[in-house]
Amino acid sequence: LSLLTQLRWYMKAAVSSMKHYLRRVMGNSILIHEEMTIILYQNVQVLKNRSLTDLSGKPDETVVHLLT
């Protein structure tokens with residue numbers, strides 16, 4: 001895969017993870033700006049701490065399950 005294709009894939013996975021997290025945390029809640037900012041910062045920290053490499057050592061597994 002080209003570098004641009006990989007970057008697009010990582011960006012798509014990051015957006016998907018952010019949406020999933022926000023749906024779980026917020027549900028149908030309406031938040032003020034400060035609350036939303038706190039939730040977004042917390043999510044960024046969670047995403048930064050996730051591994052982007054295969055930890056199992058099995059070459060047939062992908063990192064998709066780690067990002068979504």
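View 1. Helices here are DSSP runs of H or I with at least four residues, strands are E runs of at least two, and numbering starts at the N terminus. This is a predicted model, in which local features need pLDDT of at least 70, side-chain atom pairs count only at pLDDT 80 or more, and totals for chains, interfaces and linings use all residues. Residues are numbered from 1 along each chain as its sequence is written, and side-chain values use heavy atoms, without hydrogens and water.

View 2. A13, S17, Y21, L22 and M26 are buried in α1. Buried means under 20% relative accessible area, exposed over 50%, and partly exposed in between (1.4 Å probe, protein chains only). An α-helix has 3.6 residues a turn, so residues three or four places apart point the same way. Just after α1, G27 has a positive phi of about 60°.

**View 3. The aromatic pair W9 and Y10.** The structure holds 1 aromatic pair. The ring centres of W9 and Y10 are 5.0 Å apart and the planes meet at 75°, so the pair is edge-to-face. Rings of Phe, Tyr and Trp (its six-membered ring) pair if their centres lie within 6.5 Å; planes under 30 degrees apart are stacked, over 60 edge-to-face, the rest tilted. W9 is partly exposed, at 33% relative accessible area. Y10 is partly exposed too, at 35%.

**View 4. N43 in helix α2.** N43 belongs to α2, residues 33-48. N43 is buried, with a relative accessible area of 1%. Beyond its neighbours within four places in sequence, N43 is in contact with M18 and Y21. Contact means heavy atoms within 4.5 Å. Y21 is itself among the buried residues of α1.

**View 5. Confidence along the chain.** pLDDT is the predictor's confidence in each residue, from 0 to 100. Its mean over the protein chain is 76, and 71% of residues reach 70 or more. Confidence is highest in α2, at a mean of 86, and lowest in α3 (residues 64-67), at 48. Over residues 59-68 pLDDT stays under 50; the model has 20 contacts beyond four places in sequence for this stretch. Where pLDDT is low, the predicted coordinates should not be read in detail.
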